[in-house]
Amino acid sequence: MGNVPSAVKHCLSYQQLLREHLWIGDSVAGALDPAQETSQLSGLPEYVKIVEVGPRDGLQNEKVIVPTDIKIEFINQLSQTGLSVIEVTSFVSSRWVPQVAAGATEISVFGAASESFSKKNINCSIEESMQKFEEVVKSARHMNIPVRGYVSCALGCPYEGTISPQKVTEVSKRLYGMGCYEISLGDTIGVGTPGSMKRMLESVMKEIPPSALAVHCHDTYGQALANILTALQMGINVVDSAVSGLGGCPYAKGASGNVATEDLIYMLNGLGLNTGVNLYKVMEAGDFICKAVNKTTNSKVAQASFSA
Amino acid sequence: QMADNAEVLKGIQKFPGINYPVLTPNIKGFQAAIAAGAKEVTVFGAASELFTKKNTNCSIEESLQRSDEILRAARAAGIPVRGYVSCVLGCPYEGKISPAKVAEVTKKMYSMGCYEISLGDTIGVGTPGVMKDMLSAVMHEVPVAALAVHCHDTYGQALANTLMALQMGVSVVDSSVAGLGGCPYAQGASGNLATEDLVYMLSGLGIHTGVNLQKLLEAGTFICQALNRKTSSKVAQATCKL
């Protein structure tokens, strides 16, 4: 490719990216006029809501225990980025009262599309878990606390292997029917590919409107962005991700976990989709937490932008 | 790194049904390649004037003339030639690259006799929408069967961009086992799309490739050990139990 003069090495450096290369996709929070940004691809939503799961899903799967004050600083930094949803932490209890007492304004319930996974993870069958959730959701709704539902193993299970789209639909429909405002469909072990994503969503979307669905793709096999693109093309406009791609995979040692928020935003910006999120600020928060847990980022955008 | 080119070409087992092209940026290189037994060669162009100047010290027009010289010699020798166009989705010097420019350079290389043109997102800045726009422009001038995509994963977009290209009808994809190769324009960044991750996706899509993922993983492990580096393939990372 020829010799690279030292001046060029700054070309795509972080500083240059910030100042000059607006065309490769940066979005300043609040500065984008949605009317000016037209999707280059038809059939895509105009606005995509990013649900940041780094502080919970991400950190939970990191080996290093992060001190409380670092966690708080991390989340505070994320709050400055334009992200409208940041999953803060986890209170794993069948009684949700402690969470509310601690000031939670939204809670989540976790189901699975696999009996084996359900049994191994929460020690009960899918049906038993649904019954527990019914109680939780009913009480939460009584107090006007919104509940988000998660369905794990939507594209495959570490114990059962292939999961039928019908099973995912059944569980999602149950959670939606009991009052969850949104169902996040999780490719828990990242085995999905665009074909299986499409088939699963086609099935679920027969029963649940796309506006109530989200995708939560893991990047264990490098498929996350391709799977997310497929979901967007099908009308999904809520995507879960984790800054710096925090979190590994407990089922595949050495593997990566969540899709990196930075890489997701890069793609969405490039597609001309409005997210309201400032990529640079997210990268800064990512840099902060990676230093705190002493790990290299899993975000390719961050790797490319910060000198090694 | 490539100083042992003749030795490598002569030393490898050449299996029937497999092409082993070699890069020949100039006529002297071409002649040396033929002497060493090459049966297919590749030539490089770019959709950016500045990139061409910085890399090969000439204009796009001049570099196309050099390629033309190689193509004539290749045609005379019955050697097929594959063309590459760099910077199709962006340039480290010029920034945005117009799809029309990519179409123009691609058309020229095709009409000069390249049997296939590989469109390279050299610095990996592309995203699916930009890929679509570029391919739409190129496909007006060159049949899709003669096109390939060569996506870099510098910003993690390679597989999504490749998927878009497949949806547009492209059926030839370049990739590098273990995602070998970094990016000289972004220190610390990754480079090529990992073949293992590509094959994983194509397999999942039910698309036939004829490639054995397991054997690919083995080759990736081998070269990473030799280079003393970690693989850039996520499939390899997930499959290798540490």
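Student: Let's start with A:Cys153: is this residue buried or exposed?
Tutor: This is a predicted model, in which local features need pLDDT of at least 70 and side-chain atom pairs count only at pLDDT 80 or more, while totals for chains, interfaces and linings use all residues. Residues are numbered from 1 along each chain as its sequence is written, chains are lettered from A and ligands numbered from 1 in the order in which they are written, and side-chain values use heavy atoms, leaving out hydrogens and water. Buried means under 20% relative accessible area, exposed over 50%, and partly exposed in between, with a 1.4 Å probe and protein chains only. Because its relative accessibility is 0%, A:Cys153 counts as buried.

Student: How many disulfides does the structure hold over all chains?
Tutor: A disulfide is a covalent bond between the sulfur atoms of two cysteines, and here the cut-off for the pair of sulfur atoms is within 2.5 Å. Over all chains, the number of disulfides is 0.

Student: Then how far from A:Cys153 is the nearest cysteine sulfur?
Tutor: A:Cys153 is in no disulfide. Its nearest cysteine sulfur belongs to A:Cys157, at a distance of 4.3 Å.

Student: What about B:Cys224, buried or exposed?
Tutor: The relative accessible area of B:Cys224 is 7%. B:Cys224 is therefore buried.

Student: How far apart are the end C-alpha atoms of helix H3 of chain A?
Tutor: Helices (H or I, at least four residues) and strands (E, at least two) are DSSP runs, numbered from the N terminus. The expected span is 1.5 Å times one less than the number of residues, so the 12 residues of H3(A), 68–79, should span 16 Å. In agreement with that, the end C-alpha atoms are apart by 17 Å.

Student: What percentage of the residues in chain A is buried?
Tutor: Chain A has 12 helices and 7 strands. Of its 308 residues, the buried share is 56%.
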